[in-house]
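Hello,

Here is the structure I promised to pass on to you.

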Amino acid sequence: MSPHDSLERYPFREIEARWQRVWEETKAFKVSEDLRCPKFYCLEMFPYPSGRIHMGHVRNYAIGDVVARYKRMRGFNVLHPMGWDAFGLPAENAAIEHGVHPAVWTHENIDYMRAQLKQMGCSYDWDREVTTCDPDYYKWEQQIFIRMFERGLAYRKRSTVNWCPSCQTVLANEQVEAGRCWRCEADVIAKDVEGWFFKITEYADELLAWCDRLPGWPERVLTMQRNWIGKSEGAEFDLPVVGRPDGSIRVFTTRPDTSFGMTYAVFAPEHPLVDRLIADEAERAAVAQFQAEVSRQSEMERLAVDRPKRGLRLKARAINPFTRQEIPLFIADYVLMGYGTGAIMAVPGEDQRDWDFAKAHGVPIIRTVQPPAGWEGEAYLGDGPAINSGFLNGLRVAEAKRKAIDWLVANGIGEPRVHYRLRDWGISRQRYWGAPIPIVYCEVCGMVAEKDENLPVLLPRDVQLRGKGGSPLADVASFVNTACPRCGRKAHRETDTMDTFVESSWYFLRYCCPTYAGGMVEPHAVNYWMPVDQYIGGIEHAVLHLLYSRFYTKVLRDLGLTKLDEPFVNLLTQGMVIKDGAKMSKSKGNVVDPDDLIRAFGADTVRLFSLFAAPPEKDLDWNDRGVEGASRFLNRIWRFVESHLEELRAAGREPHGDALSEAGRRFRRSIHETIQRVTDDIEDQFHFNTALSAIMELVNALYAFAPASQDTMSREERRALLREAVETLLRLLAAFAPHLAEELWARLGHRTSLFEHRWPQPDPQALIRGEVLIVVQVDGKVRSRLTVAVGAGEQQIREQALADQRVRPWVQTRQVDRVVVVPGRLVNIVTRQ
C-alpha cells in the first residue's frame, strides 16, 4: 500500500473492531446510582428476537445511542440498557415448522442479535440485559398477577374473541387486518372462550386525565390514547318495540338533546336482542350472512372514518319516546357491542356518520340544532338553538342535554351515563411460549392463586407442539396435575399463558435492578432511575404497549412497589424505513440487510445515514447513494486528520481571541457557531439531520481554512486553530460516528476515551461578530448584500447601500422615495418611477 493510499482509505473494519473491544473490556458504559450528578434514563423499545436486526431497528437504536452518548458527554449519569421481548408466537411457530424448541430458537436468535447490536457500536450497559422468557423475570409478573387477582384487578370470564384457527390463539383487534390474522393471514373467526382479563377500565379516568400531563409526548399519540379510552358522557334510555309491550331496546347517546331528530336506531350485529327480533326464516338467513361478513372485520376497520358504513334493515320497528313516532331498526357494522349498550339512536342531522347512513338507506333527516346562516354542509355538529325539538326548542346544546336527561329520569325511561370505549385487557393466550398464569383449579376450593413461595410456575420443556387446538400445556400431565395451595388436594393448573404485552409493560423497571432477588423492583434503584427520561419506538405501539405500560405502572404504584404515576417523561416515535414506496419487509422483498452494509461501509456510515436522511419522527426513504455519501463524508474527515496529523500533534494551547488575526477570529467564530448549532439541534426535538449538516459545514470550513491560512497567519496560530477545530469536530461527531471519532481522538495523542470528555461549549467571546451581513432590496427585490460594522449607524448604512455598485443601476434613473433600515438585517430602498 502506498503512502497516498493510506490517506485515502478509511480502515473501518479494523477501527470498529478495536474500539468495540476496548468498550467491552473497560465496561465503558456500565453505570450505577450516583447522587452526585443528574441521571438520564434513555431507552429504546426492546426487540423481539426474530433472528436478526433490520434497518428499522438500526434507525431506532442509532437515535437512542446518539441521545445516550450526547447526554453522557453533557455530564449526566446515563442508563442505556438493552434486553429481549423473548416470549411470543413466532418462536412457537418456528418450533413447529423446523422442529427446534422455542427456547433454543429464541436464545440462538438473541446471541446473534446481541452481536449485531455490539457491531453497531451501541453504548449499552450489557450487565443490565434482561430476557423476558427467563424464569427469574416472569416470576415477578406471576407474583403481581396474584396481587391483582386478590384485589379483583385480574379476573376470568367468557367473552367473544378474535380467533385465528391457524395460529390457534386469541388475537387483539389490532392484530386483525382485513379479516385476516396479521401474522399468518388466515381468516379470523369470532369465538366464545373463557379467558383472563386485567381490569384496565378501573383506571380509565386516571389514564385519560394524565394524557393532559405528558407534555413530552407527541400530541398524535396522546390523541390516539384519548380516542382509545373513548370517554363518552350522555344518557341511556329505552325504546319500546312496536307490537311487543314487554320489549324494549336500551340505547346510549352522547347527544340526548338531539333525540327529537332520532329517525332510526341501530344494533351491533352481535347484539343478543337481534335474534329475538327476527320475524321469519328469510330474515334470519339474511341476518346470519351479514353477521358472518362483519365478524371478519377488525374493530378498527369497522370504525374507520373513510369507509362506507354497511347495514341491514330489520322488519321490527321501535318508537321514539320523545316524538312517539315509529322508527326503523337496523343492524350495522359501525356499532360495537362492547361500547355503551351495543345499540344507538341515530340522529343524522347532527352526526355525519348517521347522515351518510341515512342517505344510503333512504331514512328521513330532521335537524334539531339550528346551523349558522349560510350553512351549506351536511350534518351540523356545532352549538346553536334547538329546533324541531318540542320542549327543548330555543335551548343551547349544553342546557338542552341537561333538560333532556331530566325528562328521561322524570318519566322513568332513562338515566345519565358515562361509557368508555376502552375494554378490559384480555391477557389469555392459548399457546405454549408465554408466562404461565399462576392459578390452580381445585374441586373443593375452586379457583386458587399459587403461593408466592411456589413461584415461579415454570414453563415445562417437555412439550409437544403440534399447532392443533388449545394450549399445548394441557397435554403435559406433569405441569397440569398439582396440589391445591390451600387444601393440598388434587388440582389442575391453568393452561393459558399470558399475553406478551404483560412482559413489555414493566421491563423498563427491571433494567433498574436486573439481578435483584428480593422482589420485582429494588426501591432505591427504581426511585433513582425512574421515570424513563427519553423513550424511543415506533408509532405502531402508540396504543397497546404504551397504554398497557401506563396502566401497569399505576397498578404497581397502588400495590406499593413504586411511587410512579407515569413511566415515560418524553416519547419519540420514529418514522418507518421506506424502500421502493413501501415499508421494508421480507414479504415485499425490499429488505436491506444491515450486516451487508456494515461489511461494505462500516457501522458508523450506516448510523450516519440513518440519522442524516430524515428527521427522526419522519419516514426515511432508503437511498443507496445516501449511504455512499455518508461514507464519503467520514472518509473526508479521516483524510483531513491523517494529512494534518503532524501539525495537529504539534499544536500549542487553545488560541485566544485577543491574539488572533482577523482571519483567525472569523474561523474560530465558525467553530463556535457550529457548536451552538449542533447543540441546539440535538436539544430541540433531536434534529440530527440539521446537526449533521452543521458538522459537514465545519468540515468544509476546515478544508478551506487549511490552505488559505498558510500565508496569512503565524504557524502557531494556524496549528492552534486547526487543533481546536478538529477536536471540536470529533467531540460533535462522537455521538453519531463513535468508532471513527474515538480513533482520531486517540491519534491526536489523547490517552483517555473521547467519551470521558465533556461536550464542547461555545465561547461567547468567539461568537461576537465585528461585522454583519445586511441584505439590500430595491422595491422589494434583493439587489445586493453589504458587510457593515456591528453598531454602524443608520445614516452610514443608508449611504453605503445607495453607493453600492450593484444597487446604483436600480436607483440612478429613479427618485428614491425613502430608505428603510432594519438594523443588522435589511435595507429596503423604495423608489418612485
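Arg665 has a relative accessible area of 35%, so it counts as partly exposed; here buried means under 20% relative accessible area, exposed means over 50%, and partly exposed is in between, with a 1.4 Å probe and protein chains only. You are looking at a predicted model, in which local features need pLDDT of at least 70 and side-chain atom pairs count only at pLDDT 80 or more, while totals for chains, interfaces and linings use all residues. Residues are numbered from 1 along each chain as its sequence is written, and side-chain values use heavy atoms, with hydrogens and water left out.

Back to Arg665: its side chain meets that of Glu662 in a salt bridge, at 2.7 Å from N to O. A salt bridge here is a side-chain nitrogen of Lys or Arg within 4 Å of a carboxyl oxygen of Asp or Glu. Both residues lie in helix H23 (residues 662-683), three residues apart, which is about one turn of the helix. Helices (H or I, at least four residues) and strands (E, at least two) are DSSP runs, numbered from the N terminus. Glu662 is itself partly exposed, with a relative accessible area of 38%.

Glu662 also forms a salt bridge with Arg666, at 3.8 Å from N to O. These two are four residues apart in H23, so about one helical turn separates them. The general rule is that an α-helix has 3.6 residues a turn, so residues three or four places apart point the same way. Arg666 is partly exposed too, at 43% relative accessibility. To place Arg666 in the whole, take Trp355: the two are 311 residues apart in sequence and 67 Å apart in space, C-alpha to C-alpha.

**Other salt bridges**

How many salt bridges does the structure hold? There are 65. One of them pairs Arg158 with Glu194, whose closest N and O atoms are 3.8 Å apart. This pair links distant parts of the chain, with Arg158 in strand E3 (residues 154-164) and Glu194 in strand E7 (residues 189-198), 36 residues apart. Glu194 is partly exposed, at 31% relative accessibility. Elsewhere, a network of salt bridges links Glu206, Arg550, Lys554, Arg557, Asp558, Asp565 and Glu566.

**Helices worth a look**

Helix H4 (residues 89-98) packs against helix H5 (residues 102-119) at an angle of about 115°, with the axes 8 Å apart. The axes are lines fitted to C-alpha atoms, for helices over the stretch in contact, and angles run from 0 to 180 degrees between N-to-C directions. Where do H4 and H5 meet? Pro90, Ala91, Glu92, Ala94 and Ala95 in H4 touch Pro102, Trp105 and Thr106 in H5, contact meaning heavy atoms within 4.5 Å. By class, this contact has six nonpolar residues, one polar and one charged. Ala, Val, Leu, Ile, Met, Phe, Trp, Tyr, Cys and Pro count as nonpolar, Asp, Glu, Lys and Arg as charged, and the others, Gly among them, as polar.

In helix H8 (residues 219-229), the buried residues are Val221, Leu222, Gln225, Trp228 and Ile229. Seen down the axis of H8, they fall within an arc of 125°, so they line one face of the helix; the arc is that of the directions from the helix axis to the C-beta atoms. Arg220 and Asn227 are exposed on the other side of H8. After H8 comes Gly230, with a positive phi near 60°.

Helix H21 (residues 624-643) contains Leu634. Is Leu634 buried or exposed? Leu634 counts as buried, at 0% relative accessibility. Leaving aside neighbours within four places in sequence, Leu634 is in contact with Tyr10, Asp604, Thr605, Leu608, Leu733, Ala737 and Leu740. From Leu634 to Gln116 there are 518 residues in sequence and 21 Å in space, C-alpha to C-alpha.

**The whole protein**

The protein has 29 helices and 30 strands, and its C-alpha trace spans about 105 × 85 × 50 Å along the principal axes. Of its 833 residues, 54% are buried. Among contacts between residues at least 6 apart in sequence, 71% join residues at least 24 apart.
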